[in-house]
Amino acid sequence: MRRHARLAAMLGLAALGASLGALTPGSARAADIVVRASVDREKPHVNESFTYTLRAEGQVRGDPNTAPLEQKFDVLQSTTSTRIQIVNGQAAQVSEWIFQLMPRAAGPVTIPPIEVAGAFSNAVKLDVLPSSDASGAPSDVFMEVEADPTTAYVQSQIVYTMRLFVGIGTGRASITPPEISGGEAIVERLGEDRQYQTSRGGRTFIVHERRYAIFPQKAGMLTVGPATFEAMIMPNRGFSRIQRFRSGTLEIAVNPAVAPPPEFPGAAWLPAKNVTLTESWSEAPEKLAVGVPITRTLTIEAKGLLETQLPPLDVPRTDGIRQYPDQPDLDRESQADGLTARRTERFAVLAQAAGAARLPAVKLPWFDVGAGQWKVAELPARDLVVAPGAPDASAAQAATAPPAPAAATAAAAPERPKKRGIVWPLTSGVLALGWLATAVLWWRARRRRAAAGTQDPVEAAGRDAGARARTQDGRVRKALRAACERNDADAARDLLLEWGAQRFPGAHARSLGALARYCPAALAAAIRGLEADLYGPSPGGWSGAELAAALDARDSAEARDRRGSEDDLLPLYR
């Protein structure tokens with residue numbers, strides 16, 4: 001019996017030990033931690049932040065799990081503090097986490113218990129009120145937005161205006177641009193912000209006005225907004241708080257491109273408010289003479305376009321007059337009503353024959369977004385009378401100068417020595433020996449570097465950079481050919497722009513039309529064909545065969561140029 005009693009006692013002790021072992025150190029600490037949650041007010045507005053505080057008493061390591069907060073609120077700021085507090089003569093650690101939260105929607109909402117080191121806080125109930133300006137009366141801060149026009153064409157300009165009304169003290173303010181959804185778009189800020197005063201509902205507000213130019217890149221519905229204003233609100237009484245205000249959204253219908261008129265079948269798509277062509281000369285064109293070049297400057301000015309959208313001018317050829325183009329200049333001007341783009345092209349005009357000549361008219365088709373029709377900007381033809389070239393002054397002087405007497409010529413000529421002597425042969429021999437010694441020393445140094453397995457660090461760095469560039473270029477070209485094979489127009493556009501950024505780093509070719517200007521004629525035509533399919537009236541039927549063939553032709557031409565340049569460089573020694 002005693003033996004059975006001892007056995008039962010041992011089993012009991014083992015069970016007790018197992019139950020004590022189940023209490024891990026973490027659970028023991030969690031039992032000693034007390035976490036309380038509180039808010040500074042229980043009825044915040046949608047556009048107002050409130051303070052949520054977690055207070056933990058006990059030995060705490062780590063931070064609280066804030067995932068439940070981020071699911072229902074925008075977490076604007078958070079701070080942490082830890083201190084030692086004396087309670088009933090005993091020291092206790094107190095940790096606090098203070099969050100600035102912004103409600104996302106009106107209505108009742110419950111902040112669930114938050115875990116801190118295994119312990120959980122209490123739940124907090126809130127009643128989120130609608131935005132303070134929902135009643136129709138002006139609030140301390142509100143926003144208004146508008147777009148012009150409300151119906152646009154693909155790649156045309158939309159002027160988006162945002163007005164922020166502030167009737168209270170603010171600090172640490174920031175404004176974010178409007179969000180774009182429903183399609184791709186290029187967004188450019190228009191100038192600096194305007195600031196002025198206005199009155200609404202008997203109150204005075206400071207208005208901050210900001211404008212953006214938006215260029216949609218695809219037809220369809222484009223959603224613009226909301227824009228966001230965030231600031232520290234500083235009322236006359238009470239505590240400062242962070243508030244976030246969002247504007248409304250605007251729906252804009254984007255129409256596809258309109259096919260060009262029959263007389264201009266290959267015209268570039270230029271949706272603008274106005275396009276003009278102007279001309280200037282370095283000298284009066286009436287002074288044009290054979291063999292004497294003068295500069296002709298043609299300028300495109302377009303309201304409501306980016307400068308990269310402006311195409312090169314088609315200047316017709318003229319018998320007897322050659323025009324040699326220079327690199328174009330692109331710039332823009334930002335105004336309150338939008339962008340004005342300019343493209344300036346200069347030509348060296350050189351007459352080949354005297355007589356009457358005619359410079360044909362220069363025409364540029366464009367689409368008037370206001371009238372909804374194609375128009376043509378034109379420079380009229382110019383009739384010229386080319387004067388004969390002036391004879392060379394030295395030749396004229398030689399032809400008219402009297403012949404010199406024979407005696408004077410003989411006296412003016414110095415007497416030639418009868419014997420050349422040995423000075424020149426000795427000098428030539430010394431120079432030849434010096435050159436030969438230099439070549440031998442260079443050859444030996446090169447042989448030593450090759451035997452030691454070393455190379456010039458400058459040459460090595462150049463080769464490494466070139467290899468990396470060729471590898472990157474090869475990757476993009478391989479992906480581009482794959483996109484052409486599967487007729488993927490969107491992928492081909494993105495890869496072409498990436499390839500253009502690598503090949504022409506200083507060109508800032510952000511669109512297909514801008515990239516085409518730096519490419520050979522066949523490749524430029526294929527790129528414009530892709531652009532016409534992406535932005536034209538009937539997208540979706542693009543074939544990548546033409547683009548792939550143009551890329552292959554360009555590669556072949558570059559390879560021939562490289563072989564030709566290598567053949568031209570003959571070796572120093574054979």
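Visitor: Where is Pro149 found?

Guide: Pro149 sits in the loop between S9 and S10. S names a strand and H a helix: these are DSSP runs (strands E, at least two residues; helices H or I, at least four), numbered from the N terminus. Please keep in mind that this is a predicted model, where local features need pLDDT of at least 70 and side-chain atom pairs count only at pLDDT 80 or more, while totals for chains, interfaces and linings use all residues. Residues are numbered from 1 along each chain as its sequence is written, and side-chain values use heavy atoms, with hydrogens and water left out.

Visitor: What makes the peptide bond from Asp148 to Pro149 stand out?

Guide: That bond is cis, with omega near 0 degrees. The bond from Gly225 to Pro226 is also cis, with omega near 5 degrees, and Pro226 is in the loop between S17 and S18.

Visitor: Why is Gln155 called buried?

Guide: Buried means under 20% relative accessible area, exposed means over 50%, and partly exposed lies in between (1.4 Å probe, protein chains only). Gln155 has 7%, so it counts as buried. This residue is in the loop between S10 and S11, and its phi is positive, about 70 degrees, although it is not a glycine.

Visitor: What makes a group of residues a nonpolar core, and how many residues has the largest one?

Guide: A nonpolar core is a set of buried Ala, Val, Leu, Ile, Met, Phe, Trp, Tyr and Cys residues joined through side-chain atoms within 4.5 Å. The largest has 28 residues, and Val141, Met143, Tyr160, Met162, Phe229 and Trp269 have the most contacts inside it. Strands supplying at least two residues each include S9 (141-148), S11 (158-166) and S18 (228-234). S11 gives the largest share, five residues. Apart from this core lies another, of 26 residues, among them Leu512, Leu515, Leu530 and Leu551.

Visitor: Which residues is Trp269 in contact with?

Guide: Contact means heavy atoms within 4.5 Å. Leaving aside neighbours within four places in sequence, Trp269 touches Tyr153, Val154, Gln155, Ala257, Val258, Phe367 and Trp374.

Visitor: Why are S21 and S29 said to stand at the edges of their sheet?

Guide: Two strands pair if DSSP finds at least two bridges between them. The open sheet of three strands has the order S21-S28-S29, with mixed pairing. Strand S21 (271-272) and strand S29 (373-379) each have a single partner strand, so one side of each is left without a neighbour in the sheet.

Visitor: How do you know that S28 and S29 pair?

Guide: Seven bridges join strand S28 (residues 362-368) to S29, and at least two are needed, so they count as paired; they run antiparallel. In S29, Leu379 is the bridge partner of Val362.

Visitor: How many disulfides are there?

Guide: A disulfide here is a pair of cysteine sulfur atoms within 2.5 Å, and a search of the whole structure finds zero. Cys484 is buried at 3% relative accessible area, and Cys519 counts as buried at 12%.
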